[in-house]
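Work through the exercises below with the sequence and the model in view. Each task is followed by a solution in steps.

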Amino acid sequence: MFRDIVAKQPPPSGICLSAARPEFFRTEIDKAVAAGIPVICVDADVPESRRVMYIGTDNVKAGRESVKRMAALASRGNIIVITIPGQRNLDDRLAGVADALKNYPSLKLMPLVDDKGDWRSAFDQISEMILKKEKIDGIICLEATGGPGAADALNRFDMAGKIPIVAFDKDPKTLDLIERGAISSTIAQKPYVMSYYGLKFLDDLHHNALKEFKDWRTAPAPPSPSWVDTGTAVVDKSNLAAFREAMAALPKPQ
């Protein structure tokens, strides 16, 4: 799809891209930028490419925040991390988890759970651990589907709310599970902010609104920031209603 878009005539004025596997896109991004098409990465970055900028979460910091929240819920014990190994943004979150755990020596990291982005896989693997009577004191999820999958597994064994879960993102099911007490909290990103500023910066580049150089295409360095950290927010029962109200008020795609 990316190649087809770049090859269109007339070419696009710009592309916003979320590239979960940067190695697939590096060369193609470079070709697009060389052809005068600005590429802005949102949510997932390809830092080794010629992309103009990245707008999204500082994923290492988000991983640290997950551990901080877990440490407030479980002061010691075995912690499971659900992720998708090999996905750049998630690997960065995992690096943040590993770094933060140095400050909490009473928390021990169990072998990673790779749910492949499928809540059913998380459900099956957590269920199997419970059946094997493995000691689990907390569950950290670094992608959106792991939290609901883990919560459903705990509910299956009448353990809902007995093991703290720190999820990721604010999908409707995750928010419902927070309301029910099955998920303790979630680390929420700001996808609306990412896409809003992604399009705004593309428009600025297209109209050469940033006057630092005559034309961004021939400039020795892109005039826009190289990275905009959109930050995260922790959602729990205390602020759940405010997040739901905000999400409901967002404009819907036409």
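**Exercise 1.** How many helices and strands does the secondary structure of the chain come to?

Solution. The model is a predicted one. Step one: counting its elements gives nine helices and 11 strands. Step two: for the extent, the C-alpha atoms fill a box of roughly 65 × 35 × 35 Å along the principal axes. Step three: of the 254 residues in the chain, 46% are buried.

**Exercise 2.** Describe how helix α7 packs with helix α9.

Solution. Step one: find α7 at residues 172–179 and α9 at residues 240–249. Step two: their axes are 11 Å apart and form an angle of about 155 degrees. Step three: angles over 145 degrees count as roughly antiparallel, so α7 is roughly antiparallel to α9. Step four: the crossing of α7 and α9 is left-handed. Step five: on the α7 side the contact holds L175, D176, I178 and E179, which meet L240, R244 and M247 of α9. These contact residues divide into four nonpolar, three charged and no polar.

**Exercise 3.** Is A20 buried or partly exposed? Place A20 in the chain and list its contacts beyond four places in sequence.

Solution. Step one: A20 sits in the loop that runs between β1 (15–17) and α2 (22–34). Step two: the relative accessibility of A20 is 30%. Buried means under 20% and exposed means over 50%, so A20 counts as partly exposed. Step three: with neighbours within four places in sequence left aside, A20 is in contact with A44, Q87 and R88.

Note on methods. Residues are numbered from 1 along each chain as its sequence is written. This is a predicted model: local features need pLDDT of at least 70, side-chain atom pairs count only at pLDDT 80 or more; totals for chains, interfaces and linings use all residues. Side-chain values use heavy atoms; hydrogens and water are left out. Axes are lines fitted to C-alpha atoms, for helices over the stretch in contact, and angles run from 0 to 180 degrees between N-to-C directions. Helices (H or I, at least four residues) and strands (E, at least two) are DSSP runs, numbered from the N terminus. Angles under 35 degrees count as roughly parallel, over 145 as roughly antiparallel, 65 to 115 as roughly perpendicular and the rest as oblique. A crossing is left-handed if the near helix is turned anticlockwise from the far one by less than a right angle, and right-handed if clockwise. Contact means heavy atoms within 4.5 Å. Ala, Val, Leu, Ile, Met, Phe, Trp, Tyr, Cys and Pro count as nonpolar, Asp, Glu, Lys and Arg as charged, and the others, Gly among them, as polar. Buried means under 20% relative accessible area, exposed over 50%, partly exposed in between (1.4 Å probe, protein chains only).
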